Amino acid sequence: MTVARIDVVVVGSGSAALCAGIAARQAGAEVVMVEAADADMAGGNSKYTAGAMRFAYDGADDLLPLLADPEDPRLAATDFGSYTTDQFAADLLGFNDSRPLSPEQQALITDSLPTMRWLSDNGVKFEPIYSRQSFEKGGRHVFWGGLTLAAAGEGAGLVDAERQVFESMGGTIRYRSAVSGLVTDDERVVGVEIDGDDGPEVMMAGAVVLACGGFEADREQRVEHLGPQWAAAKVRGTPHNTGVGLRLALAAGAEPYGLYKGCHATPMDLQMPDYGNLDLPHLERKNYRKICYFLGIMVNAEGHRFVDEGRDFRNYTYAQFGAAVLGQPGQFAWQLFDAKVEHLLYEEYRFHDAHYVEAASIDELLPLLDGVDGTAAGATIAAYNRAVDQQQPFDPTIKDGKATIGLPLPKSNWAQTIDTPPFRAYPVTGGITFTYGGLRVDDAGTVLRPDGSGIAGLHACGELVGGVFFAGYPGGSGLTSGAVFGRRAGSGAARSAGWS
Ligand SMILES: Cc1cc2nc3c(=O)[nH]c(=O)nc-3n(C[C@H](O)[C@H](O)[C@H](O)COP(=O)(O)OP(=O)(O)OC[C@H]3O[C@@H](n4cnc5c(N)ncnc54)[C@H](O)[C@@H]3O)c2cc1C
């Protein structure tokens, strides 16, 4: 069956797709979104997020107009600081392995605040992330790490708000409609092939926006691009991001662009389901993550530490440490904490389905660490405790320099002795969040060929855009990237379809 020509077809219904849809509707185009999942599972990885969005801002004056509740009484006692474009650039450069800022990273930085304002002007509102990005100091809420706001209602709230805006503007979404092919005429993309409930279908379009995620949920492509240890990775989000958009664009002549062997992956509860769990209430979905390692230490099966848990604020390490855990023997590790830091552990450690063991002494804890050489782990903890610098005060709001002294693998900040019962240990593995390799796009989101020419009628955004992340990721940049490149691709697609 062939459906009459639509101006713009957007593939996917995550945040990048919705931003593209809103921007295309604002330009006047008729927009249909086609989503592989059913309505419950729609919204992609975006719906699994905590909704945190990183953007450059000069101070509270830039933030207050974006807030859902500008009358929140805590605001008077809050220090947001600033996060300049230079800081955002420095944070991205810190993960670039000596690469200069890519054009995509420059676009992400420059467009980050304008895109947050655009979302807010359209009715998508935000909240300060008091629970995870601030600590109380001198009676004030002090934010750290440059990441201050999340969408009201977290990821599910973001997707709901964006969907409502899109639909109120006349956009429509078709669920259970997986795109399986592109229709081309000469060298122009003129539609999509869909596998839907009623069988195969062709939807003709003035322009197509691919916003259907990376290949993180496809085991074969993970192994091909990331390596064999990624076969066993848990998938933190949707099972639907299987790299179809990427494959179709590459088959249409697109340039593979960005770091295909790179991905975002974090320590996750070893016992979590293989995929993110949308059956949980949305505020609980992120809770299989376990990223408070900076308050304790991690040991592998051999009983050894394997990363500097306090190398930097966890915003700058959590996306890399999932791979570090997957690289350990047996692909697991245990996170160890004592009672001194219990109150600082995130909610995810108190989650009803958090798995952990607890004991009144280290000696009693060691045999409970399944799969771990207890003797070696005991020696590791003892050596760590002896090496902690007792002169330096502990302060989780700053990189406090409270380090170990003399260990071959240091803990550079927040190193406190593990000595106060009860002791707790959490088993973790690596969970893949999303992949970094993608497509090259121009300012209008047009997908480019290796010779730099654009594939007419084909646009892309979100996880499909390469060149944005390399060796790592400052937390909260993925949703912003989706919004920035989604907005561009939507406007560009509307222009491709004849709307200016
Ligand atoms: C658990 C978790 C927590 C995260 N937390 C944060 C955070 O707090 N802040 C942040 O910035 N980033 C976070 N991220 C990363 C963030 O989710 C992504 O960077 C961003 O949401 C990507 O948006 P997207 O629209 O490109 O992809 P998605 O939101 O994944 O949307 C892709 C959509 O395409 C659909 N699709 C796939 N294939 C097809 C097909 N063939 N046909 C039709 N539809 C298809 C999928 O079903 C899905 O709905 C998190 C990710 C996860 C998994």
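Tutor: D79 is partly exposed, because its relative accessibility is 32%, which falls between the 20% and 50% cut-offs. That value comes from a predicted model. The side chains of R140 and D79 meet in a salt bridge, with an N to O distance of 2.9 Å. This pair links distant parts of the chain. D79 sits in strand β4 (residues 78–79) and R140 in strand β7, 61 residues apart.

R54 and D91 form a salt bridge through their side chains, 3.5 Å from N to O. Here too, distant parts of the chain are linked: R54 belongs to the loop between β3 (52–53) and α2 (60–63), while D91 belongs to helix α3 (residues 85–93). The two residues are 37 positions apart. R54 counts as buried, because its relative accessibility is 0%. D91 is buried as well, with a relative accessible area of 17%; the cut-off for buried is under 20%.

A third pair deserves a longer look. The side chains of R289 and E348 meet in a salt bridge of 3.1 Å, N to O. R289 lies in the loop between β15 (263–269) and β16 (297–299), and E348 in the loop between β17 and β18, so the pair ties together parts 59 residues apart in sequence. R289 is buried at 7% relative accessibility. E348 is buried at 2%.

What does E348 touch, leaving out residues up to four places away in sequence? Its contacts are K286, N287, R289, K290, I291 and A354. The E348 and R289 side chains are also joined by a polar contact of 3.1 Å. The loop that holds E348 runs between β17 (333–337) and β18 (357–359).

Why do such pairs form? Side chains of opposite charge can pair when their charged atoms come close.

How many salt bridges does a search of the whole structure find? The count is 23. The pairs above are among them: R140 with D79, R54 with D91, and R289 with E348. R289 itself counts as buried at 7% relative accessibility. Elsewhere, salt bridges with shared partners join D111, D443 and R488 into one network.

Terms used: Residues are numbered from 1 along each chain as its sequence is written. This is a predicted model: local features need pLDDT of at least 70, side-chain atom pairs count only at pLDDT 80 or more; totals for chains, interfaces and linings use all residues. Side-chain values use heavy atoms; hydrogens and water are left out. Helices (H or I, at least four residues) and strands (E, at least two) are DSSP runs, numbered from the N terminus. A polar contact is a pair of N or O atoms within 3.5 Å; within protein, one must be able to donate a hydrogen and the other to accept it, and residues adjacent in sequence count only if both atoms are side-chain atoms. Contact means heavy atoms within 4.5 Å. A salt bridge is a side-chain nitrogen of Lys or Arg within 4 Å of a carboxyl oxygen of Asp or Glu. Buried means under 20% relative accessible area, exposed over 50%, partly exposed in between (1.4 Å probe, protein chains only).
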